[in-house]
Amino acid sequence: MDFTYDDEQDALRDAVRGLVGRAYSDFEQRRQTTKADPGFSEKVWTQLAEMGVLGLPFSEDDGGVGAGPVEISIVAQELGRVIAPEPYLTSVVLAGGLVSAVGTTEQRGEVLGALSAGESVLALAHDEPGSRWSPSATAVTATEEGGSWTLSGVKEPVVHGARADLLVVSAALPDGGTGLFLVEGSAAERTDYATYDGGRAAKVTFSGTAATPLGEAGRDVTASIATVQDIGRIMACNQAVGAMEVALRTTTEYLKSRKQFGVPLNTFQALNFRAADMYVSLELATSLTQWATMVLATGDAEATRDAAHRASLQVSRASRHVGQEAIQLHGGIGMTAEYSVGSYVSVLTALERLLGDGQHHLSALAGGIGDYGSIDPLP
Amino acid sequence: MELQLTAEEQEFRAEMRDFFTTKVSQEIRDAVAAGHELTREQIVEAHQTLNAAGLAVPHWPEEWGGRGWSQIQRHIWNEEMQAAAVPPPLAFNASMIGPVIAQFGSQEIKERFLAKTANLDIWWSQGFSEPDAGSDLAGLRTTAVRDGDDWVVNGQKTWTTLGQYGDWIFTLVRTDPEVKKQKGISMLLIDMTSPGVEVRPIELIDGGHEVNEVWFSDVRVPGENLVGEPGQGWTMAKFLLGNERVGVAPVGSTKRRLARAKELAGEQAHDPLTAARIAELENELLALELTALRVVAHSAGSEPHPASSVLKLKGTELQQAVSELLVDLAGPGSLASGAGDDSALPDWARHATPSYLNLRKASIYGGSNEIQRQIISRTILGL
């Protein structure tokens, strides 16, 4: 049992921290980047590709690096620390993860190779109006005629759906179950808009749109979608932990420098104790997130499902606590778009909406409490 | 990053589990599991069973019965002991005065006390808190004045847990009123049968007699009973409160109680609100256990992991929350705290509220949770 990084992992962390730090440690740079379309920096995306970060999760045969969950979690944390707007989670971890999980050898090589090289941005078109983080699709349906497949229906919100070169789309299959399809971004009707966290999302409409089955045509891949969602959840937790660390540090720095009544705010115990409670929330969430990352690394899908629920619940509680208190302890400045801390709260809020909020995960866990006596975190 | 215990650690865990579940009196373990108070004899028996197997003071220097274990081994020992409902070695002996004597005492005082302390042949009581010195411990006023070779002690200690069983009491006393308050404190060992020592019970809200006042009126204490040097008492108190990294949070026992609560909940566990409450508690407890593991895994070096301060704070909150859950599960039956064994209500339901009320102490003792927040905000956050 070991909660520390090895030398190579430390080096990866330093490299990613250096890269995104140069881009975004000045918060104004992030603000300007997210104001202009596509809502992230194509330059930073290319640099991440050059560093090998975009290909980390994928096998070398597929044009990737073949790294494990711990390496990906390090990247997620570092992106979280500067709330980098690049769509790593949705494009690489989720959409790329699904191509890796169910794509044919040829599809994996082609799609993941281009993704890893920074030549192609993927988006996952899975959420549908009214859906709540289910691994199944219902509103978009797939139809087969003479060996050709078409999709019909609406996906929304599709994060960075308008910028995406290639969409990975889930759809209800004619014989039941959910299949995955590849659709050229330009082949779908897309309405782009900004999201409150500085990102972009789109309404994507399919009207008998030609689509290529991802992997074996007509196969139900609900289970694969669920597994990749779990991986995404654990990486979203890592990203949130990075963001919370900085939100807390920003808050404590502010308490030390801001003066009211002629004294710094950290003169007041009422404020310091609230910061201490934020630290407690952050540490507990960090512990569960690191554990969930290690459970994921064991490759046990069922244990990973449970760990994803657990980390997500704890991170949900912590994100709200740390985020809300970060703004409150700052006072009015925390409400402004110009100052960083409010945007951290926006990002934390968005991360929780991507793959399930605290109640969603608590509900899943509450249903299973009769199946065991107590939890043993060590295998 | 590695989740697995090593093969040796797994073997060690199996060995501990086997010992605790087969070699310690079942009757005593059942009493702990049911949340009953133990008698003096039961506490001594369990402690001596552990000591005979070298499991009472594994963290002491090896010369005095320690085992030279890694932090992870100590963590496993502690967790398995709690999971098996084995009463831990008496803290006053094993975790408090024993390590202080081993660290600061003269060879003579070590030889005189350590073996008997390890085996609970001497039952130690703790004489730190006073009516006007709680969280502000350095404000203590019990005095020890030199008279020839002896010290003459006057004053009052309070909150002395299980003082009614004590043979000896280790006290913080003011030996020099002229210097800065922390500098004038010394650690003095006092035989509780000495003339002038009086133990008076304090009845608590759970109806039990767990703590006491201890009064000292012109108590003569031989000079050789002073540990280390005069004025070193504050350093020893800080050492004693600060050197523990393992077992700061009562994770194993709280897990055991929560698992038991699930069994006792019966049909109530199917109520979605109750199920959600249990699931949330389990999750927080898991987060706490993993935080404890991070602290343990990190403490190969000399400095404790900064997150260790979280353990006491959150650990006691969860301990209390689980006891509160049991009261709620017991419902109206929880009123029957005074009923005897002929009661138609189950034993656990009758004991639920006294345990809940008793455990309100947990966020007060050992550095109150407000003191923990102070430590976090000052030491870790730099506020």
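A residue is buried if 20 or more other C-beta atoms, placed from the backbone, lie within 10 Å of its own; 12 or fewer make it exposed, and values in between partly exposed. The model is predicted, with local features requiring pLDDT of at least 70 and side-chain atom pairs pLDDT 80 or more, while totals for chains, interfaces and linings use all residues. Residues are numbered from 1 along each chain as its sequence is written, and chains are lettered from A and ligands numbered from 1 in the order in which they are written.

**Exercise 1.** Describe the overall form of chain B.

*Solution.* Step 1: 46% of the 383 residues of chain B count as buried.
Step 2: the C-alpha trace spans about 70 × 50 × 45 Å along its principal axes.
Step 3: the radius of gyration of chain B is 21 Å, which agrees with the value near 21 Å for a compact globule of 383 residues. This radius is taken over C-alpha atoms, and the globule rule is 2.2 Å times the number of residues to the power 0.38.

**Exercise 2.** Determine which helix of chain A gives the most residues to the side touching chain B.

*Solution.* Step 1: the contact (C-beta atoms, placed from the backbone, within 7 Å) takes 38 residues from chain A and 41 residues from chain B.
Step 2: on the side of chain A, helices H7 (222–257), H8 (269–298), H9 (301–330) and H11 (358–366) each supply at least two residues. Helices are DSSP runs of H or I with at least four residues, numbered from the N terminus.
Step 3: H8(A) gives the most, with 15 residues.

How values were computed:
Two residues are in contact if their C-beta atoms, placed from the backbone, lie within 7 Å.
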